[in-house]
Each structure stands twice: as structure tokens, then as C-alpha cells.
Amino acid sequence: MRNKKGFVFVETIIVVAVLITSLLYLYSTYISLSNNEKARLFYDDVSYLYRTYYVKKYFSSQRLDRILGNLSNEDRNDNVNFLISFGCGSGDIYDDIDKEGGFCELLSGELHIANIYVTYSDLSRLQTCTNQEGICSVFSRVNTHLGNYLKTIGGKGESGYRMIVEYREDGAGGACVDEEHCRYYYATLKVGDL
């Protein structure tokens, strides 16, 4: 009778190698999904959408149509004015009610608003950007966090405009004082039609 101990050993090594490879693949997939989900927690959270609704409502009462007019006066493929930043310092949007922007400054401070942007509703073209030319040059003008968020917004075929609000907070949800420990949260709402 033959001794089959060597064959069983090699067979065991092969089975263990296949199992380890499978487990490593599953683990890397799990880590990737987990990291993507953690990043998504900073995008369009319900509490930030709620805040963004009131920001939209405030700026709609303060001549947001002028900012949208600046955006619509340009070609949609124009890389300079595809994404316009504005805020309390934008003097051309206030009427006589809040000429100084006092309430706006208070609103921005209380809600921890870092920046407000307007752009087109359809941002699906940004999801395929691989270089920094044309419309994709918007990524060279914004921070990495906003760039990553813009790539998650679709809106293919939608017409109109959207407002994107960037919130900057510390880990406890308070105002961010130490830039190193800031967290960026984003929310977007549709603000008008073309």
C-alpha cells in the first residue's frame, strides 16, 4: 500500500492558500465599502439638508436670481464660471432689508457655513473627469473634499441650478477653530430652473 501523506499535505496547502486569498479579497472589499460609506456620511446628511433649506430660503429672498443670472450668462462648458462661490460678502445680492449682511453673517456663524456655491443641476459630466481641462478644471479650484463631493452628484438630464453648501465643523459639531481637525459636510438643493 502506498503512503499518501505527501499528497494530503500539498492539498492542504493549496486549500489554505485559496481560503486566505478569498478572505483577503473579501476583507479588502469590506474595507473599501466601509471607507466609502464613512465618506458618504459627510454628504447630504438630513440635518445638513435641513440647514441648507433655510440657507436657500434666505438667499432666495435676497436676490439669488442675480447670482443665477451670472451663472446663466456664461456658456455651460465654460470652466471659469461653472461653479460660482458666494456668501455674505456678495454685495450684489442684498436688497434694502439686509444691506449690511448682518443677519447673513449671524446665519453663517451659527450654521458653521464655510462656503456656498451655485452651479448647474446636471453635474454628471464631472463623474468621468480624468484631466484638468475644460469643465474638469473646476477640481483645481476647489478643495479635495468638495471635489470628491461633486463627483457623487449626478443629475443627468436635469435642468436648472443647484446650491451646494459647505459646512465646516469640529468633531463635536461646534465651530471649527483648528483647521487640522475640521470636518467638511456638504448638502445640495435645487434652487431654480434654466
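Strands β2 (113–120) and β3 (residues 161–169) run antiparallel and are joined by 7 bridges. Strands here are DSSP runs of E with at least two residues, helices are runs of H or I with at least four, and both are numbered from the N terminus. Two strands count as paired if DSSP finds at least two bridges between them. The model is a predicted one: local features need pLDDT of at least 70, side-chain atom pairs count only at pLDDT 80 or more, and totals for chains, interfaces and linings use all residues. Residues are numbered from 1 along each chain as its sequence is written, and side-chain values use heavy atoms, with hydrogens and water left out.

The pair belongs to an open sheet of 4 strands, ordered β1-β2-β3-β4 with antiparallel pairing. β1 (84–86) and β4 (183–192) are the edge strands; each has a single partner, so one side of each lacks a neighbour in the sheet. Neighbouring strands are turned by 25° against each other on average, direction ignored. Axes are lines fitted to C-alpha atoms, for helices over the stretch in contact, and angles between N-to-C directions run from 0 to 180 degrees.

β1 and β2 pair over 3 bridges. Serine 85 stands opposite tyrosine 117 in β2. Strand β3 is joined to β4 by 9 bridges. There, glutamate 166 faces tyrosine 186 of β4.

Helix α6 (residues 144–152) lies across β2, β3 and β4. The helix runs at about 45° to β4.

Leucine 41 sits in the loop between α1 (5–40) and α2 (46–60). Its relative accessibility is 54%, so leucine 41 counts as exposed. Leucine 41 and tyrosine 186 are 145 residues apart in sequence, yet 9.6 Å apart in space, C-alpha to C-alpha.

The axes of α2 and helix α4 (residues 102–111) come within 12 Å and cross at roughly 170°. This makes the two helices roughly antiparallel (over 145 degrees; under 35 is roughly parallel, 65 to 115 roughly perpendicular, the rest oblique). Arg51, Val55, Tyr58 and Phe59 in α2 meet Phe103, Cys104, Leu107 and Leu111 in α4, with contact meaning heavy atoms within 4.5 Å. The contact comprises 7 nonpolar residues, no polar and 1 charged. Ala, Val, Leu, Ile, Met, Phe, Trp, Tyr, Cys and Pro count as nonpolar, Asp, Glu, Lys and Arg as charged, and the others, Gly among them, as polar.

Notes. Buried means under 20% relative accessible area, exposed over 50%, partly exposed in between (1.4 Å probe, protein chains only).
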